Amino acid sequence: MSTPRPDWAPADLSPLDAKLGIEIVDFDPDRLVATMPVAGNEQPFGLLHGGATCALAETVGSWAGALHAGPGGQVVGVELNVSYLRGATGGTVTAVCTPVRRGRTLATFLIQVTDDAGRPTASARLTTMVRSR
């Protein structure tokens, strides 16, 4: 991990993230990175489940939004769009989240998901609404 979790951020990910095995490995707000195992997250035909991919994208994008909002801020997702590019059948997928635009009320992020060989498996865009507490 090159950029650690900020001191003000929650120590744990969500219960869903724990069930899916999602881990954030770099908290860089300009390039947030998370991983998820394929094993245990497959659909009946042995491919990574699209819903698991969506959860990974939502997690990494929401964390990027939270880092943008900062301490005392809050974000909620308002739109998630995911395109599936290739099926993953094993190993780990990695999601890299980069900002498209970080505004006062809306922040949009691009999430690229790849397999262990670096091949793209999905591309996502998440827009979050920034709220004050």
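Residues are numbered from 1 along each chain as its sequence is written, and side-chain values use heavy atoms, leaving out hydrogens and water. Because the model is predicted, local features need pLDDT of at least 70 and side-chain atom pairs count only at pLDDT 80 or more, while totals for chains, interfaces and linings use all residues.

Q: How much space lies in the largest pocket?
A: On a 1 Å grid over the protein atoms alone, a pocket is an open set of points where a 1.4 Å probe fits, with protein on both sides within 12 Å along at least five of seven lines. Grid points are joined across faces, edges and corners, and the volume is the space filled by probe spheres set on the points. For the largest pocket this space is about 330 Å³.

Q: Which residues that line the largest pocket are the closest to its centre?
A: A lining residue has an atom within 4 Å of a point. There are 19 such residues, and the closest to the centre are Pro 10, Ser 62, Trp 63, Ala 66 and Val 75.

Q: Which element gives the most to the lining of the largest pocket?
A: Elements are DSSP runs numbered from the N terminus, helices being H or I with at least four residues and strands E with at least two. Helix H1 (15–20), helix H2 (50–69) and strand S3 (73–84) each supply at least two lining residues. With six residues, the element that gives the most is H2.

Q: How do the lining residues of the largest pocket divide by type?
A: Ala, Val, Leu, Ile, Met, Phe, Trp, Tyr, Cys and Pro count as nonpolar, Asp, Glu, Lys and Arg as charged, and the others, Gly among them, as polar. On that basis the lining has eight nonpolar, eight polar and three charged residues.

Q: Is Asp 115 buried or exposed?
A: Asp 115 is found in the loop between strand S5 (106–114) and strand S6 (120–132). Buried means under 20% relative accessible area, exposed over 50%, and partly exposed in between (1.4 Å probe, protein chains only). Asp 115 has a relative accessible area of 8%, so Asp 115 is buried.

Q: Which residue does the side chain of Asp 115 join in a polar contact of 2.8 Å?
A: A polar contact is a pair of N or O atoms within 3.5 Å; within protein, one must be able to donate a hydrogen and the other to accept it, and residues adjacent in sequence count only if both atoms are side-chain atoms. Contact in general means heavy atoms within 4.5 Å, and, not counting residues up to four places away in sequence, Asp 115 touches Arg 86, Thr 92, Val 93 and Thr 121. The side-chain partner at 2.8 Å is Arg 119.

Q: Which side chain does a polar contact of 2.7 Å join to that of Asp 30?
A: Asp 30 lies in the loop between strand S1 (23–26) and S2, and at 44% relative accessibility Asp 30 counts as partly exposed. Not counting residues up to four places away in sequence, Asp 30 touches Cys 97, Thr 98, Pro 99 and Arg 102. The side chain joined at 2.7 Å is that of Arg 102.
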